[in-house]
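Please keep the sequence and the model in view while reading.

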Amino acid sequence: MGSEVNNNSTKKPPSTASLSLLLLSTKCFPVKSSSPPPAPNSLENKGSDEMNGHGAASPCLSAKAASAAAIQKKPGGWKAMPYILGNETFERLATFGLLANFMVYLLRVYRMDQVTASNVINIWFGITNFAPLVGAFISDAYAGRFRTIAFASFASFLGMLMMTLSAWLPQLHPPPCTVPPQSMSSSHLPCVSPTGGQMGVLFLGLGLLSIGTGGIRPCSIPFGVDQFDPATEEGARGINSFYNWYYASFTVVLLITQTLVVYIQDSVSWVVGFGIPTILMLCSIVLFFFGTRIYVHVKPEGSVFTEIVQVFAAAFKKRRLRIPDVDGGGSEMVKVAYYDPPAQEAALLSKLPLTDEFRCLNKAAMIVENDLTAEGTPTSRWTLCSVQRVEEVKCLVRVVPIWASGIVSFTAMTQQGTFTITQALTMDRHLGPRFQIPAGSLMVISFLTIGLWIPFYDRFLVPALRKVTGHEGGITLLQRIGIGIVFSILSMVVAGLIEQDRRAYAKSHPLAPISVFWLAPQLILMGFCEAFNIIGQIEFFNRQFPDNMRSIANSLFFCSFAGSSYLSSLVVTVVHCMTGKDGRPNWLANDLNAGKLDYYYFLLAGMGILNFVYYLVVAHRYRYKSTLQQNKDVELSSATNV
């Protein structure tokens, strides 16, 4: 792998340490809104005469209007933060507190076999990660952030209430069973399975939680930023401080859910373990509405997803047009042929040049008869788009192959919340004579690995590598992602080897199970995978997308985890159906000692190897974006060594 083209020299890229808190949210990373925080001029209610063709504030906005905008900003600020941060914190506490130990809940309370429980978690996790895309679109295009958060908060509360009732009322879950799910075999009578009504209550609760997640997460950060005026020094400092508090509270929530909440659920009571987050979620709703008169409310201004569709629609309508040669026709012909107005949007920090890559999309910016009004603005955004919009869509298309490689590598990570926990349930989890580690708390090992590695990597390893490679980040972002993929493969290989030893020891010592800390190596390797792959992808997407499409980068990150959840569910289902025939053991049998879980891990490792080969190909062919402010000698059409 070679070096990365330095095409963003005007802006200092985010450091690794600044992204470490983002990494700790790999299971439920918060999505930003589909529109970046607007300048104060564009935040207030303006008539159409105050907006130009791009939806940005007109340069001739009167001083009176600007003053009014500044005045309307005053009620927000830090006065609104306790209500916004409290609402988001309790929502995450509810969702993460459920996810951390949910596998154990399905096995012990709902008496599911591990394949069914794994599929339920993967499918729900996938829906939950796709939901913020829908929530961001509804918020930006129709409802606005306040209404979206308010509606989603009620949905989250109802979802947690349903989960608490499912654990509290005996009618809503199967009766207790004396045979552990991991010990079921032909010699034991099977436990009573959940009825259709009980499963319906469970799925209703999970669905409501997904709706709540889809509304709160894409809106909480932008809604908090809306409360500050970025044009003032005090407002700019407030925004930076808000981000720090946001991710600090996020880290606290992770630690609480992975330790205290899981311990209460595992050792005290599921009713109490679910009831506490439910009560806190109700308190957060009351707290959120207390701040209604303080908030700055921004009207929905349209979604960036609509603009993406408009580019494809305009290009399709003009598919029969001939495309002028961008490089060979001369700059004058390009200006005449394409709609390329000056950048006037407040969020647009860099203008993208027209390129010949994905040339079919260039037709969306070609000017034909009746495309422009007398004022020089498009008659319809569905027939004519600016060069900037076309190139932004190209950035999205360009990163899709890189994004797709993350789905397979993230599939290895999803095993931490499913089969790793079932392994832990069969092992000795005692820490001292009295305390037993909850199986759902083992992911803390990955978090500790990340927390210890990131400072060392950022402060010591990166400067040393920078002297050797000359690259500002020590290694390129694509190289970091590739290293993370390698660690995901190694993690699955080690997991398979450890499972072989665990099963052999369990058969030879049935009364003295092996220590749960034997799972630490695979969790440590997975921590390194997250430290390289997750942070690398976050920074890569944010640097390769235009400034006003950063929310799409976060959306793609979410979709990677959603796709990995669905892929994991598919692989589990296929393996469960295809193995266990002709007298051979089922790889994913309820009794792990009779199954071949190590083969399943090796299968994931093999998929990872194929994915790594695919990644090397697409990374080598990847072409970094360029901007008009940069050196013209950097050709976007030339492949970059990776």
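Cys219 is buried, because its relative accessible area is 1%; buried means under 20% relative accessible area, exposed over 50%, and partly exposed in between, with a 1.4 Å probe and protein chains only. Cys577, by contrast, is partly exposed at 46%. A search of the whole structure finds zero disulfides, a disulfide being a pair of cysteine sulfur atoms within 2.5 Å.

The model is predicted, so local features need pLDDT of at least 70 and side-chain atom pairs count only at pLDDT 80 or more, whereas totals for chains, interfaces and linings use all residues. Residues are numbered from 1 along each chain as its sequence is written, and side-chain values use heavy atoms, with hydrogens and water left out.

Helices (H or I, at least four residues) and strands (E, at least two) are DSSP runs numbered from the N terminus. Helix 6, residues 114–143, has 30 residues and reaches 40 Å from its first C-alpha to its last, close to the 44 Å expected at 1.5 Å a residue; the expected span is 1.5 Å times one less than the number of residues. Just after helix 6, Gly144 takes a positive phi of about 90°.

The loop between helix 5 (102–108) and helix 6 holds Arg111, which has a positive phi of about 55° although it is not a glycine. Arg111 is buried, because its relative accessible area is 9%. Asn370 likewise is not a glycine and has a positive phi, of about 70°, but Asn370 counts as exposed at 61% relative accessibility.

His173 is found in the loop between helix 7 (145–168) and helix 8 (196–226). His173 is buried, with a relative accessible area of 14%, and its side chain reaches the backbone oxygen of Ser166 at 2.7 Å. Leaving aside neighbours within four places in sequence, the contacts of His173 (heavy atoms within 4.5 Å) include Val109, Tyr110 and Gln198.

Helix 15 (residues 444–469) has a kink of about 45° centred on Tyr457; the bend at a residue is the angle between axes fitted to the seven residues ending there and the seven starting there. Tyr457 is among the buried residues of this helix, as are Trp453 and Asp458. Gly470 follows helix 15 with a positive phi, near 75°.

The structure holds 14 salt bridges, each a side-chain nitrogen of Lys or Arg within 4 Å of a carboxyl oxygen of Asp or Glu. One of them joins Asp266 and Arg429 at 4.0 Å, N to O. This pair links distant parts of the chain, with Asp266 in helix 9 (residues 233–268) and Arg429 in the loop between helix 14 (419–425) and strand 1 (430–431), 163 residues apart. Both Asp266 and Arg429 are buried.

Glu357 and Arg623 also meet in a salt bridge, at 3.8 Å, N to O. Glu357 lies in the loop between helix 12 and helix 13 and Arg623 in the segment after helix 19 (597–621), so the pair ties together parts that are 266 residues apart in sequence. A network of salt bridges links Glu499, Arg502, Arg503 and Asp598.

How values were computed
Polar contact = N/O pair within 3.5 Å; in protein donor to acceptor, adjacent residues only side chain to side chain.
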